[in-house]
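Please keep the sequence and the model in view while reading.

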Amino acid sequence: MKNIFLKIFFIMVIIISSFNITLAKDIESLKEVVFVIDASNSMKSFDKKNLVTDEIKKITNFLTSDYKVGVVIYNTSIVNFAHISNDLSYVNSILDSIQYTGYTNAGEVLDFAISMFSESAYFKNIIMVSDGEIVLQNENLTNESNNKFKNAIKVATQKDISIDIIALGELTKDGEKFNIFKASELTGGQVFKCSNILKLNEISNEILFNKFKIKKSQVGVFGVAFR
């Protein structure tokens with residue numbers, strides 16, 4: 001009888017241990033990142049060789065083993081998006097669709113990006129890539145987008161979503177008016193300033209190695225085009 005109880009005890013220990021391991025893996029997988037990419041006309045002259053696409057692909061490529069990722073492309077409105085998932089081919093197809101045209105409606109896109117996260121995710125992060133302030137066809141539309149942006153930041157703080165900004169070109173100059181840097185400042189995010197597109201590779205490496213703690217040995221050769 002004693003042996004039977006011992007066998008039952010060890011079986012229960014194994015079952016509980018397996019459950020805890022599975023649960024731990026599930027918890028680890030509840031990390032989500034959404035890349036929000038400015039595809040407005042002003043980006044055309046700054047990113048002539050589509051290096052933004054290459055560097056975002058590099059980051060997503062080395063995150064998807066531990067994180068689920070999503071992508072939103074925007075200009076005057078939301079152009080295209082990939083739901084948060086581990087499907088790299090799906091994400092890459094959206095990134096490959098980028099064409100620079102139109103205005104910069106960051107208010108609408110930030111609100112949308114926030115809605116993409118699952119309630120169960122314990123780590124939620126938005127990485128915005130842009131070279132400009134919020135600018136639309138006229139002052140009224142611009143102000144409306146600015147207001148949406150401010151409200152979206154409030155929602156992000158309530159949902160524990162941090163917002164990082166990869167600031168390209170002239171956006172690295174702090175303006176007097178409300179700009180998208182506020183999203184990082186108010187949500188505990190970071191601003192990565194990149195005044196030269198050729199330096200974007202260094203920024204993506206900084207994000208991988210310092211922010212997400214990806215080991216350099218995992219990445220191997222840097223600056224590879226993920227097309």
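**An aromatic cluster and the sheet beside it**

Tyr 67 is buried, with a relative accessible area of 9%. Here buried means under 20% relative accessible area, exposed means over 50%, and partly exposed lies in between, computed with a 1.4 Å probe on protein chains only. The model is predicted, so local features need pLDDT of at least 70 and side-chain atom pairs count only at pLDDT 80 or more, while totals for chains, interfaces and linings use all residues. Residues are numbered from 1 along each chain as its sequence is written, and side-chain values use heavy atoms, with hydrogens and water left out.

Phe 212 is likewise buried, at a relative accessible area of 6%. By contrast, Phe 123 counts as partly exposed, at 25% relative accessibility. Tyr 67, Phe 123 and Phe 212 form one aromatic cluster. Rings of Phe, Tyr and Trp (its six-membered ring) pair if their centres lie within 6.5 Å; planes under 30 degrees apart count as stacked, over 60 as edge-to-face, and the rest as tilted.

The structure holds four aromatic pairs. One of them, between Tyr 67 and Phe 212, is edge-to-face, with 5.2 Å from centre to centre and 75 degrees between the planes. Tyr 67 lies in the loop between α3 (51-63) and β2 (68-74), and Phe 212 in the loop between α8 and α9 (216-219), so this pair ties together parts that are 145 residues apart in sequence. Helices (H or I, at least four residues) and strands (E, at least two) are DSSP runs, numbered from the N terminus.

Phe 212 also pairs with Phe 123: the ring centres are 6.4 Å apart and the planes stand at 70 degrees, so this pair is edge-to-face. Because Phe 123 lies in strand β4 and Phe 212 in the loop between α8 and α9, the pair ties together parts that are 89 residues apart in sequence.

Lys 31 lies over the face of Tyr 67, at 4.5 Å from the ring centre, and Lys 211 lies over the face of Phe 212, at 5.2 Å from the ring centre. The criterion is that NZ of Lys or CZ of Arg is within 6 Å of the ring centre and within 35 degrees of the ring normal.

The sheet comes next. It is open, has six strands in the order β3-β2-β1-β4-β5-β6, and shows mixed pairing. Its edge strands are β3 (78-85) and β6 (191-194), each of which pairs on one side only. Two strands pair if DSSP finds at least two bridges between them. Strand β1 (residues 31-38) and strand β4 (residues 123-130) run parallel and are joined by seven bridges. Within β4, Lys 124 is the bridge partner of Glu 32.

Leu 30 is found in the loop between α1 (2-28) and β1, and it is partly exposed, with a relative accessible area of 25%. Its C-alpha is 6.0 Å from that of Tyr 122, although the two are 92 residues apart in sequence. Leaving aside neighbours within four places in sequence, Leu 30 is in contact (heavy atoms within 4.5 Å) with Ser 120, Ala 121, Tyr 122 and Phe 123.

For the whole protein chain, there are nine helices and six strands. Buried residues make up 44% of its 227 residues. Among contacts between residues at least 6 apart in sequence, 77% join residues at least 24 apart.
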